Amino acid sequence: MAENRIYAYCRVSKNDGTMTIENQTHAIEQWAKANNIKISAYYKDECKGDTPVEKRSQLPVLLDNLRSGDTVVVVEVSRLHRSASGLEHVYRIITEEKQAEFITLDEKEKILCTAGTDRDDLLQTSMKKIVLTVMATMAEIEKKNISARTKRALKERKDAGKVLGRPKTEIPKNFKDMFIKAANGECTHTSVMRDFSMKKATYYKLAKELGLKSDKHETPRK
């Protein structure tokens with residue numbers, strides 16, 4: 001009989017702040033070490049919390065690999081999904097369809113852990129569903145609040161006359177002359193990049209902005 005496996009799932013999006021793949025992995029590794037548990041595999045997605053399961057890279061693979069008796073571990077339930085309906089859908093696949101165990105490391109969410117609980121206890125099952133819906137709803141509200149705060153902050157900066165986005169790269173005064181010399185074979189583009197302490201992508205991007213072209217595209221030596 002095959003041994004039950006323990007899978008870890010980590011997800012991060014650009015708006016998660018300090019919630020990185022690395023610190024999720026570290027937290028799960030520390031939990032596994034403390035409990036003398038071996039993680040069979042890590043599944044990691046980089047996507048928004050409301051991204052549908054089928055459009056993610058790793059979560060569908062994890063769910064497909066799950067067998068009865070396996071376990072899914074996350075640092076918090078919002079890693080699975082941030083919408084109430086989406087979270088309930090994934091949670092149901094894990095615990096009901098796949099008959100696998102679910103563990104969240106967040107102390108406030110321990111009621112959602114299934115390990116050691118009676119699946120036939122209707123009261124426990126009902127409580128889990130209620131708590132799951134409340135948590136997902138709160139996560140959804142927080143997501144909207146973060147979005148609203150971000151938009152408000154950007155508007156305030158724009159109204160104050162501050163430039164948004166990445167600062168524009170300043171073009172050196174003699175950039176055009178040196179590029180033309182390199183294009184004519186008087187020197188190399190590589191040496192010009194080195195003199196300007198400029199990366200290849202930036203170098204040719206500035207040249208394009210100035211309408212400069214060259215057939216001599218060289219790769220700078222490391």
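Biologist: Where does Gln-99 lie?
Modeller: Gln-99 lies in the loop between α3 (84-97) and β4 (101-104); helices (H or I, at least four residues) and strands (E, at least two) are DSSP runs numbered from the N terminus. This is a predicted model, in which local features need pLDDT of at least 70 and side-chain atom pairs count only at pLDDT 80 or more, while totals for chains, interfaces and linings use all residues. Residues are numbered from 1 along each chain as its sequence is written, and side-chain values use heavy atoms, leaving out hydrogens and water.

Biologist: What phi does Gln-99 have?
Modeller: Although Gln-99 is not a glycine, its phi is positive, at about 55°.

Biologist: How many residues of α6 are buried?
Modeller: Six of the eight are buried, so α6 is largely enclosed by the rest of the structure. The buried residues are His-189, Thr-190, Ser-191, Val-192, Met-193 and Phe-196. They pack against α5 and α7, where contact means heavy atoms within 4.5 Å.

Biologist: At what angle do α5 and α7 cross?
Modeller: The axes of α5 (residues 175-183) and α7 (residues 200-209) cross at roughly 105° and come within 11 Å. Axes are lines fitted to C-alpha atoms, for helices over the stretch in contact, and angles run from 0 to 180 degrees between N-to-C directions. The two helices are therefore roughly perpendicular, a term for angles of 65 to 115 degrees.

Biologist: Which residues meet there?
Modeller: Phe-175, Phe-179 and Ala-182 of α5 meet Tyr-203, Tyr-204, Leu-206 and Ala-207 of α7.

Biologist: Changing topic, in what order do the strands of the sheet come?
Modeller: The open sheet has four strands in the order β2-β1-β3-β4, with parallel pairing; two strands pair if DSSP finds at least two bridges between them. At the edges are β2 (41-46) and β4, each pairing on one side only. From one strand to the next, the twist averages 20°.

Biologist: How many bridges join β1 and β2?
Modeller: Strand β1 (residues 6-12) pairs with β2 in the parallel sense over six bridges. Ala-8, for instance, has Tyr-42 in β2 as its bridge partner.

Technical notes
Angles under 35 degrees count as roughly parallel, over 145 as roughly antiparallel, 65 to 115 as roughly perpendicular and the rest as oblique. Buried means under 20% relative accessible area, exposed over 50%, partly exposed in between (1.4 Å probe, protein chains only).
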